[in-house]
Structures are given as C-alpha cells and as structure tokens.
Amino acid sequence: RHQARAKRTPGASMVSVLSPSRCGSRALDGGLGRRPPSKESTSRNGDHGVRAHAVPRRSLLAGLGLGLGGGVESPSMGSQIALGGKGNRCDGIASTSYFDQGPYKVGNVKLEHTCSICFPKVVGDQLIIRAHIFYPQTLRVARALERGGCEAVGRGGPWPLAVISSGFLVGSDQYRAYAERLASYGYVAVLYDKVENINSTINDEVSSLFVTEIINWCSASPIFQGNLKTEEVYLIGHSRGGKVSLLAAEADDRVGAVLLLDPVDSNSYAPEGPGYPSAIRQMERLSRGLPIAIVGGGRSGDCIPQSSNYERFFEGSPSSLTLELSIRDAGHFQFLGGRPSMMQAAVCSAGKIQNETVRDLSRAVMVAWAESMVSGRASSDRKRVGLMNASIGEMKEVLADRGVAQEGAFEFRWKA
C-alpha cells in the first residue's frame, strides 16, 4: 500500500495572491467571524417551503448515538432495500434529508501548494496544487494566514477532511456547492485544480498522488493543526475524478469513505496503459469494509461506454457497505454546479430531469453518506446502514413533495 508522506520543506506551500490589503477582507470570505449553531436557528428550503430546525452537531452526535430502533436492514439481507417513511427518531432528533444547508456558517480560503510526492513524475508548474478550502466558520483560518499561518486555529473540531476531485479538465468551481454543503455540516472540504490542459494532461496514477498529497499537506499544516481528522478522509469525485478518488483510496488506508458521482473507468476513449490503470480492476485492493456510495446518471450512455460506467463500479466493489443511486433521466454533466458548456452539452446530452434536482439529490446523498459513515455517529455497520436508510427515506419524501418522485426515477440499492 502506498504510504508516501510529503516532506515539509521551506516554501512548499504558500498563500495564493493574498496581498496585505486583501488579507482578512473579502478575499478570504470573512473567515474571522464565528457563529456557533443554535437549536433555535432555522433554514428555509426554497423549493418547497419547509422550515427545518438546524440541530447542533454535538446534539446530533449525542442523540443519534443512542440506538437505531427497529426496521433496520443489513446490506446482506438482499440487494434491494425497501426505503421509505420518516426514518429513525432518537429522543426527538430526526435524521435529516440534507437538502438544506447545515447549521454552520461557511468560510473559504484559496491556497497553493507543491505536490512533492509527484516529482519527478511531473515537473515545473504541473507540481502546483491550487486549492480552495471550505470550512465551518469556527475555523478562523483567515486570522492565522494574516499572521503567517504559523499557529493552530479554530475551536470545536476536529473536523473530518473531505477532498473533492473534478472531472476531466472541469474547473473545481463547478463543485463549489458540494464543498459548501459539506462545510456547513462540519467538514473541511478541499476543492483543487491541477495545471493541465488538453495538450498537456496529467495521467490518472499521478492525479491520484495529488489526492494523497492534499491529505499529507492538511495533516501537517499548522493552519489546521488539531482541527482536522485525517485518519478517515472522505473522498468525492465526479467522472474521471471518481476514478482518481478510487485509485487514491486503493493506495491510501487513511481514506474512510468514498462517494463517486457518475464515475468513468478506462474505456475505448481513454484506454488502459502506463499511468492509466483500471480502477475497477484494482478494486480488490480496497478494504472490504470501506463505505462506497455511487450515484449514476441513466442518460450518460451517449458519452460513457456501458463497460466503464457507474454500474460496473457497483458490481466490482468488494465492500459490504456499497450503495448505488441511479437517477434514471440524469445526464453526465447535470451533476455540475453550473450550466454545462456548449462542448459538454454536445458530447453528453441532458435528460428531462431538472439540473437542480440532480445536484440537490447528489449533495444530499453526499452529506448523508458522510454523516452515516465518517462522522462517528454510528458504532457498527448495522447502525451506519440504519442511519443512511433513514436519510434516504426522508430524501424520498422531499422528492415527492417536489413532485419529481415518479416510479423508477430514483433507485437506491445496497450491495448484496
């Protein structure tokens, strides 16, 4: 197993274009403040007008650790799980659908870092990682950066680390809403861009090292010292980023859970070869207990061969904690945060389902998977499955309220 660790060298990481006049101002998105969650605070779901109480994370931890009650099914009980109802209730605290923002205000900061473990496989500018980090506002990163990033910051952690990998040549800003949603529930979420273009790409194997380097960096960084959990990192990836995330998980046992958004493996357009292994073929390297959630678009066949699509990842997973969500009418680029470009739309068609519905449901599954599998709320696999099933039941109710939960439009299934 790959156990590379980045060496801390002077100048290995730096603040990206933060002049003294910009530090601590809008450039850092107001990272100086702190607004702890309140039991009385509420958030509005703009789509169907439901007001949901924002429960503090510590209350959720305390309440949901008491047990799951009846009606919980293990993945081993069958490949198809019957889902529905309001889900679990523990002392009046409900599992949530996660369609709304969480209780934490979100801050963000842009940093640059050098991928030391990528050298000499790539050199020059291609060693640069341009990271955009989103965090619960209680992590006062901006103030630490003003002082040179030489002190530990934040209170209330440690927070789980999540790394989000983009699709092929897709800018990380297209996944900003995913990072913001995770941070609002008490996670530190890292988006990142590599320096590559159509004429000078970085292969999949090295791309997975970028994920490992980010984990190394965040583990050692004085900016987040004592405020990050990096022993169970949550990896999320869309398209090629899903493959890259899985390759990183196969090589790094610090990964605690994975979410793949319409992932793509090696195929006739991007064949296997040196630096481009098949992630599915290597899945036997994964821990059989690694939680893997896969969200796929049923309309992606025009740009993703069936032999390398999300269903093949589900079939190839050795993990007993593998969940698949098939969105029957979703196209490959409907998972992005913005409108697909003309080129993307020409290559991959969109389904009749609204882009907003695909994104909202994908973000909800992303947070629910993290809260069920990474947060520590459940002490056994049975309880993890129970938490996730409860959240899925509530997601289905939200979709029904929106009038988009037609028969077969959304299908959840656990690995047998």
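Me: How far apart are the closest N and O atoms in the salt bridge of Asp-252 with Arg-254?

Reply: A salt bridge here is a side-chain nitrogen of Lys or Arg within 4 Å of a carboxyl oxygen of Asp or Glu. For Asp-252 and Arg-254, the closest N and O atoms are 2.6 Å apart. Keep in mind that this is a predicted model, where local features need pLDDT of at least 70 and side-chain atom pairs count only at 80 or more, while totals for chains, interfaces and linings use all residues. Residues are numbered from 1 along each chain as its sequence is written, and side-chain values use heavy atoms, with hydrogens and water left out.

Me: Is Asp-252 buried or exposed?

Reply: Relative accessible area decides that: under 20% is buried, over 50% is exposed, and partly exposed is in between (1.4 Å probe, protein chains only). Asp-252 sits at 1%, so it counts as buried.

Me: Which residues do salt bridges that share partners join into one network?

Reply: Look for Lys-194, Glu-196, Asp-204, Arg-240 and Lys-243, which are linked up that way. The whole structure has 15 salt bridges.

Me: What about Arg-130 and Glu-112, whose side chains meet in a salt bridge?

Reply: To place that pair you need the elements: helices (H or I, at least four residues) and strands (E, at least two) are DSSP runs, numbered from the N terminus. The N-to-O distance between Arg-130 and Glu-112 is 3.3 Å. Arg-130 belongs to strand β7 (residues 128-136) and Glu-112 to strand β6 (residues 106-114), so their pairing ties together parts 18 residues apart in sequence. Arg-130 is partly exposed at 42%, whereas Glu-112 is buried at 16%.

Me: And how does the salt bridge of Arg-176 with Glu-180 look?

Reply: Its closest N and O atoms are 2.8 Å apart. Arg-176 and Glu-180 are four residues apart in helix α3, and that separates them by about one helical turn. Arg-176 is partly exposed at 30%, and Glu-180 is partly exposed at 24%.

Me: At roughly what angle do the axes of α3 and helix α8 cross?

Reply: Axes are lines fitted to C-alpha atoms, for helices over the stretch in contact, and angles run from 0 to 180 degrees between N-to-C directions. The axes of α3 and α8 (residues 355-373) cross at roughly 40° and come within 10 Å.

Me: Is the crossing of α3 and α8 left-handed or right-handed?

Reply: If the near helix is turned anticlockwise from the far one by less than a right angle, the crossing is left-handed; if clockwise, right-handed. α3 passes α8 in a right-handed crossing. On the α3 side the contact (heavy atoms within 4.5 Å) is made by Ala-177, Tyr-178, Arg-181 and Leu-182. Arg-359, Ser-362, Arg-363, Met-366, Val-367 and Ala-370 supply the α8 side.

Me: Which residues make the nonpolar surface patch of about 290 Å²?

Reply: Patches are made of residues with over 30% relative accessible area and no salt bridge; like charges are joined within 9 Å, nonpolar side chains (Val, Leu, Ile, Met, Phe, Trp, Tyr) within 5 Å. Areas come from the Shrake-Rupley method with a 1.4 Å probe, and for residues only the protein chains shown count as cover. Here Phe-168, Leu-169 and Ile-198 make the patch. Phe-168 lies in the loop between β8 (159-165) and α3 (176-184), and is partly exposed at 40%.

Me: What is the phi of Leu-169?

Reply: It is near 55°, a positive value in a residue other than glycine. Leu-169 is partly exposed at 38%. Ser-239 is not a glycine either, yet has a positive phi of about 60°. You'll find Ser-239 in the loop between β10 (228-238) and α5 (240-251), buried at 10%.

Me: Which peptide bond is cis?

Reply: Check the one from Phe-119 to Pro-120, with omega near 5°. Pro-120 lies in the loop between β6 and β7.

Me: Stepping back, how many helices and strands are in the chain?

Reply: Count nine helices and 14 strands. Of the 416 residues, 56% count as buried.
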